[in-house]
Amino acid sequence: MTPDHAALQLWPVAASASAVEADELILAFTVLTLVLTVPVFIAITWFALRYREGSEADRSPSGIRSNLIEISWMLIPFLLTLVFFVWGARLFIDSKNPPPDAMVVEVIGRQWMWKFQHPTGQSEINNLHLPIGQPIKLRIISQDVIHALYLPAVRMQVAALPDRYTEMWFKADKVGTFHLYCSEYCGSDHSVMGGKLTLMNPGDYQDWLVHAGAQQGVVAAGRALYEAYGCASCHEPGSPVKAPSLAGLYGSKVALADGRSVVADDDWLRQKILNPNGDKLAGGGKQVMPSFAGRIPEDELNKIVDFIKAYPRPGQSAEATR
Ligand SMILES: [Cu+2]
């Protein structure tokens, strides 16, 4: 289940009580702004028409002077804005003070993926599974540049900084799958730095930790990395680069540009990813694929290779890799 990209969603689902409060604040403030500005614009139009050059309107000073009007036009908007100041400050202070019993999830942002580590040790990439009905505190850091974790469903957005922890906390109350974004432009693949926030009943979450979370399968983890490192944006069918599909590649014979042919085994795949050009360029291929040497840690490289191993040939069920 993925969040619906197709449907135009002007107002995202609110999945926590504080999200509802944030919505109320924004709606109320929008209404207030309209109440204060619409009459001004109407009056401007009316005066512009009535006192346009050459009109017959009476232009003599009226002589009316009222302290009541003077004071009220200043005092009423001032008090109204104060209401919003107090209301907003309360939400802001709440959002900075997680309850002490909050469950802590570690978040690491880096070009271009999000890594989440659960208190029980399970980790996942670009997907975040969390229980509802319980305060959750995300402790956020970046491994390289500034990113920002944005969870529209809980109306929260916090910067991920390279050298300092930041925090976000919320208590979700709605089960479902929602968007998860990086909302700070962070380089060429910023647009793919996102995924899914899955909110579950506490029982399902425990279940997920034990089953899916623990063995979220190297293959699924590999697929997430394949997407996160941008392999998919070149190698998936339909991509503008037209790189060869990696489906069914493992174990097959690859014809190289220098005339040799090799069997795509673990070793060769690993080498190809690290140093794709030179003597590893595919026959008829151009030097397009960037080198990933020094960019993908060894454990993740294993997972990507495992994913390529399991990537089904066309016609086979794709379920196995999801
Ligand atoms: Cu980012």
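The following legends describe close-up views of a predicted model. In this predicted model, local features need pLDDT of at least 70 and side-chain atom pairs count only at pLDDT 80 or more, whereas totals for chains, interfaces and linings use all residues. Residues are numbered from 1 along each chain as its sequence is written.

**View A. Helix 1 and its span.** Helix 1 covers residues 17-50; helices (H or I, at least four residues) and strands (E, at least two) are DSSP runs, numbered from the N terminus. The expected span of a helix is 1.5 Å times one less than its number of residues. Helix 1 is hardly covered, with one buried residue among its 34. A residue is buried if 20 or more other C-beta atoms lie within 10 Å of its own, exposed if 12 or fewer, and partly exposed in between, with C-beta atoms placed from the backbone.

**View B. Packing of helix 1 on helix 2.** Helix 1 packs with helix 2 (residues 67-96) at an angle of about 160°, and their axes are 11 Å apart. Helix 1 is therefore roughly antiparallel to helix 2; angles under 35 degrees count as roughly parallel, over 145 as roughly antiparallel, 65 to 115 as roughly perpendicular and the rest as oblique. Axes are lines fitted to C-alpha atoms, for helices over the stretch in contact, and angles run from 0 to 180 degrees between N-to-C directions. The crossing of the two helices is left-handed, that is, the near helix is turned anticlockwise from the far one by less than a right angle. Residues of helix 1 in the contact include Leu25, Phe29 and Leu32, while those of helix 2 include Leu80, Phe84 and Trp87; contact requires C-beta atoms, placed from the backbone, to lie within 7 Å.

**View C. The sheet with strand order 3-2-1-5-8.** This open sheet of five strands has mixed pairing, where two strands pair if DSSP finds at least two bridges between them. Strand 3 and strand 8 (166-171) stand at the edges with a single partner strand each, so one side of each is left without a neighbour in the sheet. The twist averages 20° from one strand to the next. Strand 1 and strand 2 run antiparallel and are joined by five bridges; isoleucine 108 has lysine 115 in strand 2 as its bridge partner. In the loop between strand 1 (103-110) and strand 2 (113-117) lies tryptophan 112, which a cis peptide bond with omega of about -5° joins to glutamine 111.

**View D. The sheet with strand order 4-10-9-6-7.** This is an open sheet of five strands with mixed pairing. Strand 4 pairs with strand 10 (residues 194-200) in the parallel sense over five bridges, and asparagine 127 has lysine 196 as its bridge partner. Four of the five residues of strand 4 are buried. Strand 6 and strand 7 pair in the antiparallel sense, also over five bridges, with alanine 148 opposite alanine 159.

**View E. Two loop residues with positive phi.** Asparagine 126, in the loop between strand 3 (123-125) and strand 4 (127-131), has phi near 60°. Asparagine 126 counts as buried because it has 20 C-beta neighbours inside 10 Å. Arginine 155 has a positive phi of about 55° although it is not a glycine, and it lies in the loop between strand 6 (147-151) and strand 7 (156-160). Arginine 155 is buried, with 22 other C-beta atoms within 10 Å.

Definitions and conventions: Contact = placed C-beta atoms within 7 Å.
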